[in-house]
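Let us walk through this structure step by step. Keep the sequence and the 3D view at hand.

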Amino acid sequence: MKVENIENICFRLKAFEKELKSISQAKSCGINIFDAIGMQRQEIKHSAFLAWLLNPNKEHGFSSRCIKLLLKSLVLRKNEGYLDNEQILSQAGFNYADIDKYFEDIDSINVETERPITKENIDDGRIDVYIEDRKNKVLIAIENKVFTSTHDNQLLRYEEEFEDRTDWKQIFVYLSPSGELPKDDNGLLCYKWCVMDYREVLGVIKELESGHIKPIPNKLKILLKDYIDMVETNILKEKKELIKLCKHIRKKYQEELEILLQYTGEEVIEYVKSSFKERVIGGVLKETESGIMGYSAKIQSFFAKIDNSSKFNFAYSISCIKGPMQAKISINKEENEEWTTAQTMIKDIIAPKVKAGNKYCSMISMEILSEEEVCMPLEKVRSVIDKKLAEFYAKIEYLENNLHI
């Protein structure tokens, strides 16, 4: 790129930066505590705040009203292309009329965030928000997906965690900004999970904030209003004035945006590709702008010996396409074909409990970086990348060490 072109681009980007400040000014009418702590795009903090509201033993004074309002909203939701929540809850032995008699004794209610999986035969995992009424034997497991998608068959593993509680009523809730349908890694619907979106969560919080049920202190009212404002702005994106301004700036600075996209995230992806090449040695690699995939020489030898074939339909992959960066170990086939002996043996080693689909099976799927982290400078996320890649490579090593060639 010529020097004069670089100078021109830098000038335009500075002008673009000035106009972007108008977005920040329009984003909020004042100081917002949740913006100040950077909560907008952090699922763990959203889950922690939600758990705080749902915990009747906390100092907000709502007792169990938040739980009951959430359950009433949950039961009434209709789902297009899926079972209605009322049907799912009815199959679990829970009905609308039950809400008022459960979650009454606050001493028997336990609320946790990031509850770890306890069964030894299930891989590591943490339930975002977990609530139980020990007196009435009712549990609620909430999987909160603000900016990420499910991986490692989370929903199925969480169901399995409680399968021995046959005398408990089990309520599974899949919470997302727009009410996405709950699916496993193979794209199959998980019919034990109710659907909920953040508009419904805000409906519950607005009811609490209004003081219709019980007047609340001004400090708490401000806190709830800040959360409502932050979610409407950053997750639901429902502020019309802000939307109009963003559309105007995007149209005016389309070329500058393309330059930003070209020069952000590239360093992170290249760093991951380089790491992948060092680890997956001697095999076949395929690179794209958004990631890399392939298999090692050891995998190559295994397929050649077991299936006597050079057609492997197997891949280690790391990709970043319109969202978080994901690492996977997967196999695939044509719909009318059978899984090969080598593919079946690999699956039995690394993911014996994962159900293979008709054409594709993601045996291992894990997030390396969130959508927000992908666009950060490499120096800020390098430690996160290294840690996550080490976990992914450990799974590869485990697989390859257990291949009997």
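Why is helix H6 (residues 154–161) largely enclosed by the rest of the structure? The reason is burial: 7 of the 8 residues of H6 are buried, so the helix is largely enclosed. Buried means under 20% relative accessible area, exposed means over 50%, and partly exposed lies in between, with a 1.4 Å probe and protein chains only. Helices (H or I, at least four residues) and strands (E, at least two) are DSSP runs, numbered from the N terminus.

A word on the source. This is a predicted model, in which local features need pLDDT of at least 70 and side-chain atom pairs count only at pLDDT 80 or more, while totals for chains, interfaces and linings use all residues. Residues are numbered from 1 along each chain as its sequence is written, and side-chain values use heavy atoms, leaving out hydrogens and water.

Back to H6. Its buried residues are Gln154, Leu155, Arg157, Tyr158, Glu159, Glu160 and Glu161. They pack against five strands by name: S1 (109–116), S2 (126–133), S3 (138–144), S4 (169–176) and S5 (193–197). Contact here means heavy atoms within 4.5 Å.

Step back to Asn153. Asparagine 153 sits in the loop between S3 and H6. Its relative accessibility is 6%, so asparagine 153 counts as buried. Leaving aside neighbours within four places in sequence, asparagine 153 touches Asp184, Asp185 and Val354. The chain also brings lysine 353 into view: its C-alpha atom is 9.5 Å from that of asparagine 153, although the two are 200 residues apart along the chain.

Now look at the backbone in two places. Glutamate 114 belongs to strand S1. Its phi is near 55 degrees, a positive value in a residue other than glycine. With a relative accessible area of 25%, glutamate 114 is partly exposed. Lysine 137 lies in the loop between S2 and S3. Lysine 137 is not a glycine either, yet has a positive phi of about 55 degrees. At 34% relative accessibility, lysine 137 is partly exposed.

Finally, the whole protein. It has 15 helices and 10 strands. Of its 405 residues, 47% count as buried. Among contacts with a separation of 6 or more, 64% join residues 24 or more positions apart.
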